[in-house]
Structure formats: C-alpha cells, structure tokens
Amino acid sequence: MSETGSRSGSEMWADLMRAKPAKPGEVYGVPGQGESVRVSLIVIAGLLFTWWLVTAVGLIKPLFLPSPMAVFGALVDVLRDGFTGSSFWEHTWISTARVFGAFLLACVIGIPLGIAMGMSPIARGVFDPPIEFYRPIPPLAYLPLMIIWFGIDELSKVLLIFLSVLAPMALGARAGVKSASIEQIHAAYSFGATRWQVIRMVILPSAMPEIFTAMRIGIGFGWTTLVAAEMVASTSGLGYMVLSASKFLQTPIVIMGIVIIAAIAYAFDHLVRFVERRVVPWKGRA
Amino acid sequence: MTALAIRNASVFYPVAGKPPVQALKDINLEINDQDFVVALGASGCGKSTLLNLIAGFMAPSQGEIRLGGKVVTGPGADRSVVFQKHALLPWLNVLDNVAFGLKIQGHNRKTREGIARGFIKLLGLEQFELSATYELSGGMQQRVGIARALTSDPDILLMDEPLGALDALTRERAQELILKIWRDTGKMVFFITHSVEEALFMGTKLVVMSPRPGRISHVFDLPFSRRYFEIGNARAIKASADFIELREKILQIIFTDEESASS
C-alpha cells in the first residue's frame with residue numbers, strides 16, 4: 001500500500017511508538033527529554049497566523065473574533081484614552097493590587113495554617129472540614145454572601161480572591177510537611193531541638209518546593225477569581241473592563257483584556273519559577 | 001564503669017486485629033567507656049529498634065535504658081545518631097550541615113563554625129566546606145553526617161548502617177576512618193551493620209541478634225580493631241585465619257537463625 005510514497009496510518013503510528021536510537025551525550029529514555037521552546041514559538045506563531053488568516057479572509061465576523069490588528073488597536077486606544085474614565089494603567093494596577101494583595105494575605109495565613117495542619121492532629125481536625133467544604137465551591141456562588149457580609153468595596157473583592165488562593169496554599173504547605181525525611185527530623189531532635197526549632201529549621205525548608213508549587217497554583221486561582229470579584233459594583237480593573245466591554249459588544253477590548261491578564265499571570269509564574277530555582281536548587285536532587 | 005545500660009528491655013508493636021508483635025525481647029546490654037559495640041543480624045531482628053531505643057526515638061514497652069545512671073526518656077544531645085541516608089539538609093552547605101546541631105544548641109556563628117571546621121578537618125572534608133551536600137558522593141555525605149554527629153560532643157555515637165549505601169571500596173576506607181575517629185575521640189559507639197566482615201573488623205564487642213522475637217542470641221569480644229591499630233593493615237586482618245574462622249562461625253549462626261525463623 002505504502003510502497004509508492006505516502007505511508008499508511010498504522011505505519012506512522014508504529015513509527016511514533018517505536019523505541020528511538022540512543023544519542024551521544026544523552027541519558028537514554030528520560031521522559032520528556034529535550035528542548036521545547038522552539039516548538040512553543042512555532043505553535044504561537046502558527047496560532048497568531050491562523051487567527052490573522054481567518055479574520056483577514058472574512059471567515060469569522062469581527063463581532064465574534066476581531067483581527068489581531070483590531071485587538072492591538074484596542075490596546076492602543078485604551079492606552080491613549082483610557083476605558084470608562086480610568087486609564088489603562090489604573091485598571092491594570094487595581095487588578096494587580098487586588099490579586100497580589102489577596103495572594104500575599106493567603107501566603108501569610110495559608111502557609112502557617114498548612115504547616116500547622118501537617119504538624120498537629122488538632123489543627124488538622126479543626127481546619128480540615130471548613131477548608132475542604134468551601135474549597136470546591138465556585139467563588140461566584142458565594143460572591144453574593146461576600147457582598148452582603150463585607151460590602152461592595154475592596155474588602156469583599158480581596159476576600160473573594162483570598163479565599164480562592166487560601167485553599168491551595170494551605171493544602172500545599174500541609175503536603176509539604178511530609179517532605180522532610182524522618183532521619184532529618186530525628187537528627188534535629190537528637191541535638192536537643194525543640195518542636196518549634198524542628199518546624200523552623202527542618203520542616204519548613206524542606207516544604208519549600210511544595211510551597212512554591214502551591215504558590216503557582218494559587219496565583220492561578222487568584223486571577224481566575226478576579227473577573228468574578230470585579231463583576232459587582234466595580235468601576236475599574238481588568239476584569240471589570242472585560243465584562244463591561246462585553247456588554248457593549250466591544251470584542252477587541254474583551255480579547256485585549258484577556259491577553260493582558262494572561263500576560264501578567266504568565267510573567268509572574270516565570271518569576272516564581274526563577275525564585276524557585278534560586279531558593280530550592282536542591283529540588284528533586286536530595 | 002557502665003556508661004550505657006539496657007535492662008530487660010522489650011518492645012511490642014500493636015497490630016490492628018491481632019495480638020501485638022514483639023520486636024525486642026528482654027534485651028540486656030551494657031556499653032562501657034571505649035566500647036565499640038556492633039549489632040549484627042538478619043533483617044527483622046530488631047537492630048534498628050534497639051538503636052531507636054537508645055537514641056530515644058522509641059520508648060521500651062518494658063524495661064529501661066540508662067545513660068550515665070539517668071533513664072533515657074527521649075532524644076538528647078548526649079547521644080548522636082549517624083543515619084544510613086537522607087539525614088543531611090540539602091538547603092545547607094557542608095559547613096552549615098556540620099554546624100547544624102550547634103546552631104540548634106544556640107551557639108553563635110563564630111563558635112559553631114570553629115567547632116565544625118575542626119570536625120570537617122578530622123573527616124577530611126576541608127575542600128568541600130562550601131559544597132552542596134547533594135553534589136557529594138555517598139561516602140562524602142556519610143562523612144558529613146559523622147562530623148555533624150561529633151560536634152555535639154556526645155557520650156555515645158549511634159550508627160545505623162552508616163556504610164550500608166556505600167560501594168565496597170569506599171566502604172572499606174570508611175571503616176578505617178570511623179575506627180580512627182573512634183580511637184581519637186574516645187566515644188562509645190553502637191554500630192549496626194548487615195556485613196559480618198565489617199562487624200568483626202570494627203567492633204570490640206559483637207552482639208548477634210536473632211529475629212521473631214528480636215533478641216540477643218550471642219555476644220563475642222573482638223580483638224581485631226585493636227590489632228588493626230597495631231599493624232595498620234586492614235586487609236591483612238580480614239584475611240587472617242582467626243578472623244575467617246570467626247566469620248564463618250557467625251555466618252553459620254545467622255543462617256541457622258534464618259532457616260529456623262522461616263520454617
């Protein structure tokens with residue numbers, strides 16, 4: 001069948017599944033070995049090109065998907081004129097402040113809480129039910145309650161984001177407590193360490209890789225919740241900008257806002273990864 | 001003088017839905033000044049349980065352990081432990097790892113680095129002071145662990161198969177190193193191993209343990225480590241006729257134990 005050129009699907013499949021030859025300077029069989037940046041760049045360029053193509057030839061109406069140029073134009077417009085009376089930077093700043101304020105608060109409370117839950121059955125008994133109970137609830141569901149309880153100002157918005165970040169932070173820190181080996185803990189105790197010294201000098205440092213992972217997951221939840229938090233009684237913020245632009249069918253601004261949120265989140269994720277490499281270079285090696 | 005005394009110590013593990021398992025039965029053991037006591041036995045004979053009792057990581061169900069007359073109720077700086085592995089702190093470099101116990105005890109940086117450097121030198125780790133521990137070989141890591149254990153100036157060093165993870169050549173060198181440190185520091189040592197040759201070569205007193213329930217079945221006094229200090233040739237001692245004869249005898253005991261335990 002395939003003698004004359006194009007190969008059958010089953011042959012290509014077999015080719016993909018076949019064991020590869022060994023290469024010099026490489027450990028054979030390490031999963032996921034190799035560089036992925038180039039592939040990513042090609043895919044991004046391809047997606048942008050497809051986006052441009054389908055809008056340029058008029059396959060999709062601009063109302064549903066504006067062209068990349070229109071979205072960029074929206075950014076330029078909003079940068080110049082602002083949006084509903086606030087400048088682009090005000091929108092960006094207020095959203096970033098809400099998310100990072102809530103995130104920092106969640107770190108300050110969630111990490112000690114998670115460590116306490118990992119260390120003490122009493123703390124675990126007290127905090128496990130409430131955290132596991134509220135954790136799966138979508139923030140939108142308890143947004144009305146937050147507004148009734150805490151008003152329509154910043155407090156309810158930051159608290160909503162805070163709650164969405166708190167659970168992953170606490171659970172990550174709690175799981176991280178298990179990272180210290182019993183030998184490391186015993187070594188500290190056999191030098192006469194107090195329980196507090198063991199937590200501070202053994203448990204907490206060895207939980208750092210898990211805590212960094214929790215930070216990356218947590219900040220993701222924070223940005224996810226931002227739009228919900230800015231749904232009610234907001235006059236500024238990126239989430240507000242996206243929502244109110246959608247009401248007026250200003251799709252270019254919607255997409256622009258989404259891209260800005262994604263870009264900030266992506267940049268922060270890389271920052272955390274960079275700090276992680278500096279702080280826990282031993283991750284996965286000891 | 002008897003420095004460490006274990007009297008009629010037994011340990012029971014609770015098992016859900018079954019009668020408790022006896023991990024150690026009526027252990028009586030004395031470790032005196034300058035003693036290097038080696039515990040040897042098949043897996044499951046309670047060697048590590050015994051070490052955990054002395055270290056204070058575990059409490060005996062019956063009996064008691066006394067160090068210098070005082071009953072052991074928990075871990076303390078008078079007993080330092082060298083673990084088989086996973087006991088160093090990868091976020092600290094070699095110097096800070098060695099000084100870790102001193103930091104816990106509240107010594108200032110200058111004091112603890114001074115003391116730590118002394119033991120780093122004793123263990124031949126000077127070039128690695130600032131290295132990350134996970135970059136060191138297994139043998140080097142164990143030296144760091146030993147140096148750390150020595151810094152708190154313990155009465156007794158408890159070594160739980162410290163050489164078990166090392167390759168054969170490194171292991172022989174590490175044996176000689178530990179013996180020299182034992183001679184130079186004059187500490188009591190309680191040393192666990194699976195290797196009969198290692199046990200015979202290093203100990204002044206050999207405790208052979210048997211499983212189910214874990215107990216001390218034989219005790220031997222050993223001359224070989226002292227002989228090593230006289231002639232300084234480890235292989236010659238390990239190849240000598242009386243060493244081999246005793247080695248075979250003890251292997252026979254352990255094999256018989258295993259068979260009777262499995263039948």
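Q: What do the buried residues of H8(A) pack against?
A: In this predicted model, the buried residues of H8(A) pack against helix H9 (195-229) of chain A, together with helix H1 (47-55), S6 and H3 of chain B. Helices (H or I, at least four residues) and strands (E, at least two) are DSSP runs, numbered from the N terminus. Residues are numbered from 1 along each chain as its sequence is written, chains are lettered from A and ligands numbered from 1 in the order in which they are written. The model being predicted, local features need pLDDT of at least 70 and side-chain atom pairs count only at pLDDT 80 or more, while totals for chains, interfaces and linings use all residues.

Q: Which residues of H8(A) are buried?
A: In helix H8 (residues 182-190) of chain A they are A:Gln184, A:His186, A:Ala187, A:Ala188, A:Tyr189 and A:Ser190. A:Gly192, with a positive phi near 85°, follows H8(A).

Q: What makes B:Glu161 buried or exposed?
A: A residue is buried if 20 or more other C-beta atoms, placed from the backbone, lie within 10 Å of its own, exposed if 12 or fewer, and partly exposed in between. B:Glu161 has 20 other C-beta atoms within 10 Å, and therefore it is buried. B:Glu161 lies in the loop between S7 and helix H6 (168-185) of chain B, and its phi is positive, about 45°, although it is not a glycine.

Q: Which residues meet where H10(A) packs on H11(A)?
A: On H10(A) they include A:Leu238, A:Met241 and A:Val242, and on H11(A) they include A:Ile253, A:Val254 and A:Gly257. The residues of this contact divide into 9 nonpolar, 2 polar and no charged. Ala, Val, Leu, Ile, Met, Phe, Trp, Tyr, Cys and Pro count as nonpolar, Asp, Glu, Lys and Arg as charged, and the others, Gly among them, as polar.

Q: How many residues of chain B are in contact with chain A?
A: There are 21, in contact with 18 residues of chain A, where contact requires C-beta atoms, placed from the backbone, within 7 Å. S6(B) gives the largest share of that side of chain B, 3 residues. The residues of that side divide into 13 nonpolar, 7 polar and 1 charged.

Q: What makes chain B as compact as a globular protein of its length?
A: Chain B contains 10 helices and 10 strands. Its radius of gyration is 19 Å, close to the 18 Å that the globule rule gives for 263 residues, so chain B is as compact as a globular protein of that length. The radius is taken over C-alpha atoms, and the rule is 2.2 Å times the number of residues to the power 0.38. Of the 263 residues, 43% count as buried.

Notes:
Two residues are in contact if their C-beta atoms, placed from the backbone, lie within 7 Å.
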